[in-house]
Amino acid sequence: MLDKTFDHAAIEPRLYQGWEDSGAFAAHPEGAAKPFTIMIPPPNVTGSLHIGHALTMTVQDMLTRFRRMQGRDALWQPGTDHAGIATQMVVERLLASQGQKRREMGREAFLAHVWEWKRESGGTITRQLRRLGASLDWPRERFTMDEGLSEAVREVFVTLHSQGLLYRDKRLVNWDPVFQTAISDLEVESREVKGHIWHLRYPVEGEPGRFVTVATTRPETMLGDTAVAVHPEDARYTDLVGKHLVLPLTGRRIPVVADAYSDPEKGTGAVKITPAHDFNDFEVGKRHGLASPSVLDADAKVTLAEIPGPWAEPDFLRSLDGLDRFAARKAIIAKLEEMELLAAVEPHVNQVPHGDRSGVPIEPRLTMQWYVDAKTLAQPAIRAVETGQTVFVPRQWENTFFAWMRDIQPWCVSRQLWWGHQIPAWYAPDGEVFVAKTEAEAQAAAKAKFGRDVELVRDPDVLDTWFSSALWPFSTLGWPQQTPELAKYYPGDVLVTGFDIIFFWVARMMMMGLHFMDGCVPFEKVYIHGLVRDEKGQKMSKSKGNVMDPLELIEAYGTDALRFTIASLTGPGRDVKLGRKRVEDFRSFGTKIWNAARFLEMNGIKADPAFDPASAKTPLARWILDGSNRAVAEATTALEAFRFDEYAAASYRFVWGSFCDWFLEFAKPVLNGPDGPAKDEVKGAAQHVFGTILKLLHPAMPFMTEALHAEFGYGAECTLIRAAWPGAVPVADAEAAREELDWLVGLIGEVRGVRAEMNVPPSVTVPLLLSGASGTTLARAEAWIDVIRRMARATEVRPLDGAVPKGVAQVVVGEATVMLPLADVIDLSAERARLGQARAKAEAEAAKVIAKLGNADFVARAKEEVVEENRDRLAAFQAEMARLDAALARIAG
């Protein structure tokens with residue numbers, strides 16, 4: 001006998017362990033079944049499950065379970081990313097707490113500590129994914145620094161270098177002064193910082209008393225200025241183009257150059273150009289052949305090493321050497337003010353890029369790094385999306401992909417870290433570089449070059465984490481070895497990920513896959529989901545206190561409730577507005593299913609393989625079987641189209657509405673009646689449809705469905721996870737059954753609605769009078785009179801005899817008008833007044849929102865989610881007005 005409630009805390013871990021131990025998640029490369037491949041976006045090995053993981057992993061698991069049940073050989077490839085800078089930071093902090101420093105212990109000892117940390121603590125995220133029910137093929141789990149994946153990294157690096165697509169160059173990078181490394185754009189976050197704009201006066205050479213005023217938020221970089229740019233059509237500076245200014249403090253001559261980068265409408269129209277410390281300035285410098293002296297070192301402290309002399313203010317400049325950038329800023333401003341070269345200071349709020357982990361402002365820094373020729377590799381990826389080899393869902397994200405890829409810059413792939421794939425490059429004493437898969441190969445190449453053995457020093461840098469992640473779709477399958485897995489599971493069917501890494505990961509996987517896998521894309525579809533926001537549509541953040549912990553939600557409400565909530569809210573191109581109340585509400589859906597199962601069990605209903613749906617004769621059995629067919633068709637179509645919200649909605653409507661609220665209620669008189677063919681047929685239909693429901697819901701609610709599948713005996717041959725996805729069954733004269741039962745549902749539903757609107761007490765029963773009813777309708781009313789009496793709280797159903805009485809509420813069902821005589825039951829005048837007041841209130845509230853949305857200033861200033869929230873409120877008020885209008889129209893006389 002089923003327990004009164006579903007004990008998720010006890011049942012879910014047991015079921016999951018059973019699945020994993022039995023190999024239920026395994027792919028079978030040796031089999032003939034058509035493959036379905038989905039690659040996990042490898043979470044950082046330092047990570048723990050957050051609500052964003054819960055969204056993307058639930059979506060991936062639903063697809064995997066669905067395709068597995070369809071008979072596909074599903075491979076959901078698990079794994080984790082070594083997360084270079086994140087992991088190094090974690091271990092460095094751990095060692096610092098023990099009084100140890102990375103640089104003092106040396107590279108080899110430090111890396112030993114990292115590997116030890118990975119062994120002890122690196123499995124947190126994978127354990128938590130199991131708690132979410134993720135059916136990954138765990139024995140195939142890979143780590144981006146496994147030897148096999150490391151071999152792939154070396155192969156790709158060496159090959160790209162030999163093809164001229166990977167090279168060293170001196171360019172600007174995002175530099176983190178704390179971690180002393182280049183970082184990617186994804187590791188940079190913009191923060192609002194209150195600062196100033198300083199207007200500095202640069203003397204014009206040979207014209208005493210004439211100055212060009214430039215505006216800057218970073219006066220500390222002025223020591224590295226190599227030009228001032230003005231717009232070619234700015235008449236204020238036409239005579240100065242080609243002349244020189246005297247850079248204050250250094251006394252160095254710098255030219256005035258004409259460049260469209262300078263905006264004549266902004267500030268003074270003259271812009272200081274510091275190529276080594278600004279990405280835009282770097283491009284201007286390249287266009288005009290300007291020098292690029294660096295004036296800040298790796299610690300973001302002033303360095304004079306590249307500032308040519310003689311200096312105009314040597315003592316002052318020497319006082320800056322080694323000074324922190326912000327201290328240098330104050331000193332320089334004070335000195336310029338003393339020299340009467342500070343024209344003005346105005347407050348200004350800057351968007352300052354910060355390292356997302358170090359929390360300090362990053363510096364654009366000119367350094368020698370390794371780069372991939374991304375522009376060349378991007379072209380096949382662009383063509384693949386243009387020609388539909390890879391399709392984005394929703395399609396609008398293709399525009400984002402194209403925007404990034406068509407303006408792509410060289411990809412900096414080196415990082416000044418110790419944890420990661422060390423770059424396979426060795427340097428000879430004269431600086432000659434030898435790129436090879438092994439040191440022995442590099443030594444051999446050096447000997448061939450120099451005619452003798454020479455000492456080689458390996459490049460100390462490691463590769464950007466995204467470099468190894470870009471190889472994930474084929475390196476995890478054994479490439480560069482030609483494995484059975486590679487032959488069967490590449491390319492993947494779909495990639496599920498967020499829009500924030502379309503460029504950093506999706507695009508780079510496409511570039512590498514097309515280049516190294518004979519022009520074959522790594523995945524055929526890319527499903528882009530939105531962000532998880534709170535119920536008000538606000539982004540979750542610790543500062544707002546609205547972050548939701550998926551593990552806490554699982555503990556409180558169960559995994560199935562969280563997963564079904566996510567499914568119900570996940571539509572194409574839409575952020576997910578998730579609140580605790582929503583999860584609690586969908587737990588009620590699970591409770592409804594569990595209670596239905598207990599009702600079936602109490603009525604002796606269990607799995608019956610001998611039941612033939614095609615033999616069903618009663619309208620009730622045929623109706624629910626037909627409804628089941630249509631629910632399966634809707635759910636299947638939705639999952640095929642990545643419409644998880646429509647899948648959840650179709651399942652919910654059928655299970656809660658058709659099956660629980662109507663079929664089981666309609667079946668009660670039969671189940672409580674005498675044994676016989678009618679009862680047997682209802683029981684047979686009930687068990688068949690309930691088994692279908694369990695299969696239908698399994699992708700979203702795997703635990704409860706698996707438990708009930710076994711309890712009812714459906715799992716005699718296999719567990720639910722291995723069961724076949726349901727298909728349509730033959731139903732005799734389905735349309736007639738649908739018409740009859742849909743009429744019955746419509747009648748009872750409309751009558752209940754009128755009673756609720758009119759505040760008729762449940763204990764009060766009234767007759768139902770039919771006007772204009774056909775013979776078919778009257779026959780149906782007679783056949784279902786017991787159900788109508790019980791569920792519509794009616795004393796009888798009969799044709800209207802004579803004129804319409806006063807004091808009735810009426811509603812149209814099919815061709816007939818159904819009237820409820822309520823004059824002697826409730827005060828109709830009071831009800832009209834109440835409904836009218838409610839309607840007027842809704843209209844007034846709607847008018848307020850209409851006025852707000854009609855205010856262009858409000859729409860321009862308000863955040864998008866606030867505007868959207870007001871639109872939702874307006875729609876709700878308008879719907880309420882329509883409902884109340886309909887209710888008022890039902891009251892006759």
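**Close-up views of a sheet and a pocket**

View 1. The strands follow the order 6-5-14-16 and pair in the antiparallel sense. Strand 6 (181–183) and strand 16 (411–412) are the edge strands, each with a single partner, so one side of each lacks a neighbour in the sheet. Strands (E, at least two residues) and helices (H or I, at least four) are DSSP runs numbered from the N terminus, and two strands pair if DSSP finds at least two bridges between them. The model is predicted: local features need pLDDT of at least 70 and side-chain atom pairs pLDDT 80 or more, whereas totals for chains, interfaces and linings use all residues. Residues are numbered from 1 along each chain as its sequence is written, and side-chain values use heavy atoms, without hydrogens and water.

**View 2. Strand 5 and its surroundings.** Three bridges join strand 5 (residues 166–176) to strand 6 in the antiparallel sense. Trp175 stands opposite Ala182 in strand 6. Helix 8 packs on the sheet, touching strand 5 and strand 14 (heavy atoms within 4.5 Å). The direction of helix 8 makes about 140 degrees with that of strand 5 (axes are lines fitted to C-alpha atoms, for helices over the stretch in contact; angles run from 0 to 180 degrees between N-to-C directions).

**View 3. The lining of the second largest pocket.** The lining comprises 44 residues, of which Thr216, Thr217, Arg218, Asp278 and Asn350 lie nearest the centre. On a 1 Å grid over the protein atoms alone, a pocket is an open set of points where a 1.4 Å probe fits, with protein on both sides within 12 Å along at least five of seven lines; lining residues have an atom within 4 Å of a point. Strand 7 gives the most to this lining, with eight residues.
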